[in-house]
Amino acid sequence: MSVKNVVKVMNFHSLLRVDKARRKAALYFDTESELFRLIKKVMFNKNMILDKKLITPKDSAPVLNVYIGNDLGFCGEFNFSINKEVRRDEDYKIIIGKKVHYMEEMQDNVLLVQSKEEFFKDFSKVQSIIYDAVFNNKYRQINVVYNHYYSVNRLEFMKKKLYPLDYDSGEDSPEEYEDDFALETDIHTLFSNLIALYICYELKICEMNSYAAENVVREQLTNESLKKIEEIEEEKAKVERKIKKEKDFEKIVDNYRK
C-alpha cells in the first residue's frame, strides 16, 4: 500500500473515531449527571447528618493527578502540554497513554502507567486507586489533565478538578432538596461509593473527550499530509511531462534531420 493510501485510511478512521467518542461521552455524561444529583440529595438530606470531617479532605494530604495522553503518533504537539505538566508537578500520578513520559526520579510518585488501549479494555486498575483514595481520604484533591474537545475548530488543554466535589454547582440548589428519606445502611460507605463512582464516570468522559481531540488533531494533520503528497505528486508529474516533451521534441528534430 502506498504512503498516500495509508494516510487516507488514517484520515478516514480519525473522522469515525471523533464521532464515536462524542456519542460515548454523551452516554457517560447522562449517568454522571444523575450520580451528581443523587450525591447532592444525600448530602443535603435533612434526616441524615453527615460528619463533615469524614467527607472533607485533609489539608495536609497530597494531590493526585490523572494525565490522559495518547498511544499513537501523527498527532503533532498533542501531548506537549501534558508532558510539560507531568514534569512540573510533584504530585502523585496516574499516567494514561504511551506518549506521556515522566522522568525516572518521579517513579515513587507514579501509581499507575497504562496505555490508552489498556485503559479502554480494563478500567479496574484506575478504579481501584480512585475507590481507595476516596474511602481512605488519601488526597486533598484529585485532578485530571487532558485535551478537551469542544468542536473540530476548538480544542483546549485543561486541568480539571474532580475531587472534592463542588456541591454548590449545577442547576439545583441545596434548598430545592425537600424530600427526606432514611437509610438502613452505613451512610458514609454509601456516600464514599457514590463519590468514587462519580469520579470514575468523570474520568471516562474526559477520556472520550481526549480521544475525540486526539483524532481531530490527527485528521487535521493527515489532511495537511495529503495536500503535501498531492503537491509532490503534481510537481513530479510536471517534471515527467517536461521530460516527455523534451524527448518528443528531440525525436521530432531527429526525424527532421533524417
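This is a predicted model: local features need pLDDT of at least 70, side-chain atom pairs count only at pLDDT 80 or more; totals for chains, interfaces and linings use all residues.
Colleague: What makes the contact between K159 and E85 a salt bridge?

Modeller: The closest N and O atoms of K159 and E85 are 3.3 Å apart, and a salt bridge requires a side-chain nitrogen of Lys or Arg within 4 Å of a carboxyl oxygen of Asp or Glu, so the pair qualifies. The two residues come from distant parts of the chain, since K159 belongs to strand β5 (residues 154-163) and E85 to helix α3 (residues 80-88), 74 residues apart. The pair also belongs to a network of salt bridges that links E85, R88, D89 and K159.

Colleague: Why is E85 called buried, and what is K159 called?

Modeller: E85 has a relative accessibility of 9%, and buried means under 20%, so E85 counts as buried. K159 has a relative accessible area of 37%, which lies between that limit and the 50% above which a residue is exposed, and therefore K159 is partly exposed.

Colleague: What does the salt bridge between E202 and K160 tie together?

Modeller: The closest N and O atoms of E202 and K160 are 3.0 Å apart. E202, at 5% relative accessibility, counts as buried, whereas K160, at 28%, counts as partly exposed. A search of the whole structure finds eight salt bridges.

Colleague: Why are β3 and β5 called edge strands?

Modeller: The open sheet has five strands in the order β3-β2-β1-β4-β5, with mixed pairing. Within that sheet, β3 (110-114) and β5 each pair on one side only, and they are the edge strands. Neighbouring strands are turned by 15 degrees against each other on average, direction ignored.

Colleague: How do you know that β4 and β5 pair?

Modeller: Nine bridges join strand β4 (residues 141-151) to β5, and pairing needs at least two, so the two strands count as paired. They run antiparallel, and Y146 stands opposite M158 in β5. Helix α5 (residues 124-135) packs on the sheet, touching β1 (63-68), β2 (92-96), β3 and β4, and its direction makes about 155 degrees with that of β3.

Colleague: Where is G69 found, and why does G69 count as buried?

Modeller: G69 is placed in the loop between β1 and α3. Its relative accessibility is 0%, and buried means under 20%, so G69 counts as buried. Leaving aside residues up to four places away in sequence, G69 touches F78, N79, I82, I96, G97, V100, K116 and S210. The C-alpha atoms of G69 and I96 are separated by 5.9 Å, although the two residues are 27 residues apart along the chain.

Colleague: What makes N79 buried?

Modeller: N79 has 9% relative accessibility, and the limit for buried is 20%, so N79 counts as buried. N79 is found in the loop between β1 and α3, and its contacts, not counting residues up to four places away in sequence, are G69, N70, K99 and V100.

Terms used
Residues are numbered from 1 along each chain as its sequence is written. Side-chain values use heavy atoms; hydrogens and water are left out. Helices (H or I, at least four residues) and strands (E, at least two) are DSSP runs, numbered from the N terminus. Buried means under 20% relative accessible area, exposed over 50%, partly exposed in between (1.4 Å probe, protein chains only). Axes are lines fitted to C-alpha atoms, for helices over the stretch in contact, and angles run from 0 to 180 degrees between N-to-C directions. Contact means heavy atoms within 4.5 Å.
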